[in-house]
Amino acid sequence: MRSLIRLYPRRWRERYGDEFALVLRGTPPGPGTLFDIVRGALDAHVREVRRGPLLRLGLLALGAFVVGWLNLHTTDDVQPVAAALLVFGFGFGAHRPSRAWLFALALFAAVPLSGLWAQTVSYRQEVLGHAPLYESIVALIPALLGAYTGAAVGWGLRQGGGPANGERSGS
Amino acid sequence: MKQNEGIGGLGRFAEPAVLVMVSVADHPKHGYAIAADVEKLSGVRLGPGTLYGAIARLEERGLIELVPSEDRRRPYRLTPPGAEALRGHLGMLERVTAAGRSRLAQA
């Protein structure tokens, strides 16, 4: 059970690791404790990422780049782009539910922008053909679906788990 | 740092945070002592993840602070803003409790 401390971010372990290990030693092991530790680790990672707006922006740019790249290189199949929008949208939505709409729009924007860029520089014109850009609006569906599913999970993680996320003992 | 935010906006950590603050209100306690005290006080057994999630948030808001110690078990104490926030919160709970009892008596 003690090895689960490794699930927490390094900075968190440096700060609370020793004390946490001592508390853990006095806590009865079981699925409830395991769940509590894993959820606490998830929470600590979310808080860690929240500290770095540049990191968040970098990850968003990377996600948008991947979506754009897939849009240009998997033109015969929309599923990879849709899957990427769902997955990235879910991750960012869960990370910051109140901004789910913004993440969905930013990720979606990679689709028409990559198409526009490809048309401008005649990149892979033979593959892309002349599909009108407005058709890319359908990409909003997986982007919004992913982001808001993630937002729902994110809200659930923050709000759920009962009053004290603990087990009532003896009452 | 999220100083001056008080206890509001802590989501699922609000109740554990209040229990931690009540526990360290009289004198400093380390994590294990806080968990034991909270269980004795309220019957709620805080898991380690929840306990340190609440402690980290309270520290970040300046409501509790570490007491310098050589021991691995570092004690926490309530800060003056923490005491003020706790008083305000307990006052609100007292009003809600009084209103609830009064309304139940009329039912």
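Modeller: Helices here are DSSP runs of H or I with at least four residues, strands are E runs of at least two, and both are numbered from the N terminus. By that rule A:Gly150 lies in helix α7 of chain A. This is a predicted model, in which local features need pLDDT of at least 70 and side-chain atom pairs count only at pLDDT 80 or more, while totals for chains, interfaces and linings use all residues. Residues are numbered from 1 along each chain as its sequence is written, chains are lettered from A and ligands numbered from 1 in the order written, and side-chain values use heavy atoms, without hydrogens or water.

Biologist: Why is A:Gly150 called buried?

Modeller: Buried means under 20% relative accessible area, exposed over 50%, and partly exposed in between, with a 1.4 Å probe and protein chains only. A:Gly150 has a relative accessible area of 0%, so the residue counts as buried.

Biologist: Which residues is A:Gly150 in contact with, leaving aside its neighbours within four places in sequence?

Modeller: They are A:Phe90, A:Gly93 and A:Ala94, where contact means heavy atoms within 4.5 Å. A:Gly89 is 61 residues away from A:Gly150 in sequence, and their C-alpha atoms are 7.0 Å apart.

Biologist: How many residues does each chain bring to the contact between them?

Modeller: Chain A brings 34 residues and chain B brings 29. Together the chains bury about 2,800 Å², 48% of it on carbon and sulfur atoms; buried area is the accessible area (1.4 Å probe) that two parts lose on being put together, summed over both.

Biologist: How do you know that B:Arg57 and A:Asp43 form a salt bridge?

Modeller: The rule asks for a side-chain nitrogen of Lys or Arg within 4 Å of a carboxyl oxygen of Asp or Glu. For B:Arg57 and A:Asp43 the N to O distance is 2.7 Å, so the pair qualifies. Side chains of opposite charge can pair when their charged atoms come close. The structure holds 9 salt bridges over all chains. The pair of B:Arg57 and A:Asp43 crosses between chains, from helix α3 of chain B to helix α2 of chain A. Both residues are buried. Across the interface of chain A and chain B the rule finds 4 salt bridges.

Biologist: Which elements of chain A each supply at least two residues of the side that touches chain B?

Modeller: They are α1 (10-25), α2 (31-50), α7 (140-159) and β1 (166-168). Of the elements, α1(A) gives the most, with 10 residues.

Biologist: What makes the meeting of B:Glu59 and A:Tyr16 a polar contact?

Modeller: A polar contact is a pair of N or O atoms within 3.5 Å; within protein, one must be able to donate a hydrogen and the other to accept it, and residues adjacent in sequence count only if both atoms are side-chain atoms. The side chains of B:Glu59 and A:Tyr16 meet at 2.5 Å, so the distance passes. B:Glu59 lies in helix α3 (residues 48-60) of chain B and, at 19% relative accessibility, is buried. B:Glu59 is also linked with A:Arg15, A:Glu19 and B:Arg74 in a network of salt bridges. Between chain A and chain B the count is 9 residue pairs in polar contact, both residues at pLDDT 80 or more.

Biologist: How far apart are the closest N and O atoms of B:Arg77 and B:Glu65?

Modeller: They are 2.8 Å apart, and the pair forms a salt bridge. The two residues link distant parts of the chain, B:Arg77 in strand β3 (residues 76-78) and B:Glu65 in strand β2 (residues 64-66), 12 residues apart. B:Arg77 is partly exposed because its relative accessible area is 33%, and B:Glu65 is partly exposed at 30%.

Biologist: Why is B:Glu39 called partly exposed?

Modeller: Its relative accessible area is 27%, which falls between the limits for buried and exposed. B:Glu39 forms a salt bridge with B:Arg45, with the closest N and O atoms 3.5 Å apart. B:Arg45 also counts as partly exposed, at 28%.
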